[in-house]
Amino acid sequence: MTPLFIGGIGMQEVLLIALVVLLFFGGKKIPELMKGLGKGVRSFKDGMHNIESDIELTDKENATIETKEKQ
């Protein structure tokens, strides 16, 4: 049988994990946990975008400085 995910986790394991999570946290807490997880992922992506923007801005500033020095 081909594993569903990398690392050999099949459908039975995924269902078992989902059942354990449901029993551990309950049906009412899971949406709150997923909302918090989504906010965390969004915050991480925004941080990565800000870093990329800072790098691009720094590259442009360095190019401008180099152009002025050559003149």
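**Aromatic contacts, surface patch and helices of the predicted model**

With a relative accessibility of 66%, F24 counts as exposed, where exposed means over 50% relative accessible area, buried under 20% and partly exposed in between (1.4 Å probe, protein chains only). The structure is a predicted model, in which local features need pLDDT of at least 70, side-chain atom pairs count only at pLDDT 80 or more, and totals for chains, interfaces and linings use all residues. Residues are numbered from 1 along each chain as its sequence is written, and side-chain values use heavy atoms, with hydrogens and water left out.

The secondary structure of the chain amounts to 2 helices and 0 strands; helices (H or I, at least four residues) and strands (E, at least two) are DSSP runs, numbered from the N terminus. F24 belongs to helix α1. After α1 comes G26, which has a positive phi, near 85 degrees.

A pair of aromatic rings is described by the distance of the centres and the angle of the planes. The structure holds 1 aromatic pair. This pair joins F24 and F25 in an edge-to-face arrangement, with 4.8 Å from centre to centre and 85 degrees between the planes. Rings of Phe, Tyr and Trp (its six-membered ring) pair if their centres lie within 6.5 Å, and planes under 30 degrees apart count as stacked, over 60 as edge-to-face and the rest as tilted. F25 counts as partly exposed, at 36% relative accessibility.

F24 and F25 also contribute to a nonpolar surface patch of about 750 Å², together with I17, V21, L33, M34, L37 and V41. Two or more residues of the patch are given by each of α1 (11-25) and α2 (29-70). Patches are made of residues with over 30% relative accessible area and no salt bridge, nonpolar side chains (Val, Leu, Ile, Met, Phe, Trp, Tyr) being joined within 5 Å and like charges within 9 Å.

A salt bridge is a side-chain nitrogen of Lys or Arg within 4 Å of a carboxyl oxygen of Asp or Glu, and by this rule the count is 1. The side chains of K29 and E32 form a salt bridge at 3.6 Å, N to O. Because these residues are 3 apart in helix α2, about one helical turn separates E32 and K29.

Methods: Accessible areas come from the Shrake-Rupley method with a 1.4 Å probe; for residues, only the protein chains shown count as cover.
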